[in-house]
Every structure is written in structure tokens, then in C-alpha cells.
Amino acid sequence: MDIQIKKGVLDACVLYALKGGESYGYKILSDLKDIIDISESTLYPILKRLEAGGALKTYSREFNGRLRRYYTLTASGESKLEEYRRDFESVILIYKKIFGEGI
């Protein structure tokens with residue numbers, strides 16, 4: 001898969017995983033395992049980039065004696081997820097015109 005397309009897909013998947021509420025890294029990986037194959041080494045840079053872009057906010061809380069970082073979708077992140085949905089709908093239409101309705 002083209003790296004630029006995959007980047008958008010991964011970002012959309014992470015935002016989608018957080019649509020239901022706050023979560024943490026391992027849980028996000030677990031929630032996405034049936035959707036897309038993503039590793040920890042891929043996930044954390046995505047989370048950091050989305051946070052830097054204002055799509056996520058984070059906080060830390062103790063869990064079993066360790067600090068766990070939680071991620072929450074912001075209003076900007078919800079808008080970004082909707083933007084990805086519209087973009088993918090456009091891409092699907094293009095692919096259908098190229099490859100036919102059976103895709």
C-alpha cells in the first residue's frame with residue numbers, strides 16, 4: 001500500500017479507536033487488531049503526531065503502580081476523523097470508476 005495512503009488510514013484508525021472514549025496504547029492496539037495490523041513502534045509516533053496536531057489530548061494516571069498515559073479525542077480530532085471519512089468516500093468513488101462497482 002502506498003505510504004501516504006497508509007498514513008491516512010492509520011491516523012483514521014487511531015482516531016476511530018478513540019471515538020468511543022479515552023484509551024491507552026495497548027488497548028488501542030487491541031481494539032484495532034481486527035481492523036488493521038499495527039505495531040507499538042508505529043502506534044506511538046502516530047499518537048504523538050495526532051497530539052501535536054491538536055487531535056488528541058493526553059493525561060497520565062497511575063495503574064498498578066505505574067503511570068499509564070491516556071488519550072482522548074478532541075473536537076479537532078472528531079473533525080479530522082470526519083474529514084478522513086469524506087476523503088475515503090471520494091477515493092472509493094474513484095476506485096469504483098476505475099475498477100468497477102464490484103470492489
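**Close-up 1. Ring pairs join Tyr-24, Tyr-59 and Tyr-70 into a cluster.** This is a predicted model, in which local features need pLDDT of at least 70 and side-chain atom pairs count only at pLDDT 80 or more, while totals for chains, interfaces and linings use all residues. Residues are numbered from 1 along each chain as its sequence is written, and side-chain values use heavy atoms, with hydrogens and water left out. The structure holds four aromatic pairs, a pair being two rings of Phe, Tyr or Trp (its six-membered ring) with centres within 6.5 Å, called stacked if the planes are under 30 degrees apart, edge-to-face if over 60 and tilted for the rest. Tyr-24 and Tyr-70 form an edge-to-face pair, at 5.8 Å centre to centre and with 75° between the planes. Because Tyr-24 lies in strand β1 (residues 23-24) and Tyr-70 in strand β3 (residues 66-73), this pair ties together parts that are 46 residues apart in sequence; helices (H or I, at least four residues) and strands (E, at least two) are DSSP runs, numbered from the N terminus. Tyr-70 is buried, at a relative accessible area of 7% (buried is under 20%, exposed over 50% and partly exposed in between, with a 1.4 Å probe and protein chains only).

**Close-up 2. Tyr-84 and Phe-88 form a stacked aromatic pair.** The ring centres of Tyr-84 and Phe-88 are 6.1 Å apart, with 15° between the planes, and the two residues, four apart in helix α4 (residues 75-99), are separated by about one helical turn. Tyr-84 is buried, with a relative accessible area of 12%, whereas Phe-88, at 26%, counts as partly exposed.

**Close-up 3. Arginine side chains lie over the rings of Tyr-70 and Tyr-24.** Arg-61 lies over the face of Tyr-70, at 4.3 Å from the ring centre, and the charged end of Arg-68 sits over the ring of Tyr-24, 3.6 Å from its centre. The criterion is NZ of Lys or CZ of Arg within 6 Å of the ring centre and within 35 degrees of the ring normal.

**Close-up 4. Helix α2 (residues 25-32) has Gly-25, Ile-28, Leu-29 and Leu-32 buried.** Seen down the axis of α2, the buried residues fall within an arc of 100° and so line one face of the helix, the arc being that of the directions from the helix axis to the C-beta atoms. Their cover includes α1 (3-18), β1, α3 (40-52) and β3, where contact means heavy atoms within 4.5 Å.
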